[in-house]
Amino acid sequence: MPDGLTVFDGEIAALANLDRALLDALRQAAADAAGDGVEFIVNSGWRSPEYQDELLREAISEYGSEEEAARWVATASTSPHVSGEAVDIGEFDATSWLSEHGAGYGLCQIYDNEPWHYELRPDAVEQGCPVPYTDPTEDPRMQQ
Ligand SMILES: [Zn+2]
């Protein structure tokens with residue numbers, strides 16, 4: 001992925017293959033954040049299953065075991081990035097803007113240990129975001 005990709009760069013597969021509603025919510029939030037002088041950089045969006053497998057292999061060698069790697073990287077069949085339902089946002093000013101305002105767009109932090117990882121939770125607009133999981137191993141979607 002190119003460095004410095006913003007949510008408005010629609011041609012890139014990492015964004016073009018995202019869930020449309022997620023991308024729309026991100027663009028709306030990014031436009032409003034720009035008014036506060038904050039820019040969203042997309043560090044990761046949609047991933048191919050092959051790329052997700054590669055990330056998992058790297059994580060297993062970095063963390064030394066599949067159990068430890070699972071706290072950070074999902075498999076190709078469980079990753080919300082592969083299904084186009086997650087984005088990793090940078091930099092710090094953007095994630096802190098999102099932690100304050102994201103729920104109003106349905107954009108929620110899902111894992112305590114990944115303050116950059118956001119997914120769409122449309123109910124959050126009315127109800128606020130659900131309490132984040134400590135890490136992905138607590139996420140029932142990862143148990144498949
Ligand atoms: Zn992520």
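Modeller: Let us begin with accessibility. A residue counts as buried under 20% relative accessible area, as exposed over 50%, and as partly exposed in between. Please keep in mind that this is a predicted model.

Colleague: With that scale in hand, is Cys129 buried or partly exposed?

Modeller: Cys129 has a relative accessible area of 32%, so it is partly exposed. By contrast, Cys108 is buried, at 0% relative accessibility.

Colleague: How should I read a link between two cysteines, and how many disulfides does the structure hold?

Modeller: A disulfide is a covalent bond between the sulfur atoms of two cysteines. The structure holds 1 disulfide. That bond joins Cys108 to Cys129, with an S to S distance of 2.0 Å. The angle about the S-S bond is -85 degrees, and the link of Cys108 and Cys129 is left-handed. Because Cys108 lies in strand S3 and Cys129 in the segment after H6, the pair ties together parts that are 21 residues apart in sequence.

Colleague: Which residues are the protein donors of the zinc ion?

Modeller: They are His81, through NE2, Asp88, through OD, and His117, through ND1, and they lie 2.0 to 2.1 Å from the zinc ion. Along the chain, the donors follow the spacing H-x6-D-x28-H. His81 counts as buried at 3% relative accessibility, and Asp88 counts as buried at 8%.

Colleague: How can I tell which side of a helix is buried? Which residues of H5 are buried, for instance?

Modeller: An α-helix has 3.6 residues a turn, so residues three or four places apart point the same way. In H5, the buried residues are Ala94, Thr95, Trp97 and Leu98. These residues cover an arc of only 155 degrees around the axis, which puts them on the same side of H5. Phe92, Ser99 and Glu100 are exposed on the other side of H5. The buried residues of H5 pack against helix H2 (20–35), strand S2 (86–90), S3 and S4.

Colleague: What does Leu98 contact, leaving aside its neighbours within four places in sequence?

Modeller: Leu98 lies in helix H5, residues 92–101, and is buried, with a relative accessible area of 1%. Leaving aside its neighbours within four places in sequence, Leu98 is in contact with Phe40, Ile89, Ala103, Leu107 and Tyr118.

Colleague: Where is Asn113 found?

Modeller: Asn113 is in the loop between strand S3 (107–109) and strand S4 (117–120). Asn113 is buried, with a relative accessible area of 13%. Not counting residues up to four places away in sequence, Asn113 touches Arg71, Trp72, Thr134, Asp135 and Pro136.

Colleague: Finally, how should I read charged pairs, and how many salt bridges does a search of the whole structure find?

Modeller: Side chains of opposite charge can pair when their charged atoms come close. The search of the whole structure finds 7 salt bridges. One of the salt bridges joins Asp24 and Arg20, whose closest N and O atoms are 3.4 Å apart. Asp24 and Arg20 are 4 residues apart in helix H2, so they are separated by about one helical turn. Asp24 is partly exposed, at 38% relative accessibility, and Arg20 is exposed, at 53%.

Colleague: Which residues are linked in a network of salt bridges?

Modeller: The network links Glu119, Arg121, Asp139 and Arg141. Within the salt bridge of Glu119 with Arg121, the closest N and O atoms are 3.1 Å apart. Glu119 is buried, at 1% relative accessibility, whereas Arg121 is partly exposed, at 25%.

Key. Residues numbered from 1 in each chain as written. Predicted model: local features only at pLDDT ≥ 70, side-chain atom pairs only at ≥ 80, totals over all residues. Heavy atoms only, no water. Donors = N, O, S within 2.8 Å, 3.2 Å for Na, K, Ca; no water. Buried < 20%, exposed > 50% of the residue type's maximum accessible area, 1.4 Å probe, protein only. Helix = DSSP H or I, 4+ residues; strand = E, 2+ residues; numbered from the N terminus. Contact = heavy atoms within 4.5 Å. Arc of directions from axis to C-beta. Disulfide = S-S within 2.5 Å. Salt bridge = Lys/Arg side-chain N within 4 Å of Asp/Glu carboxyl O.
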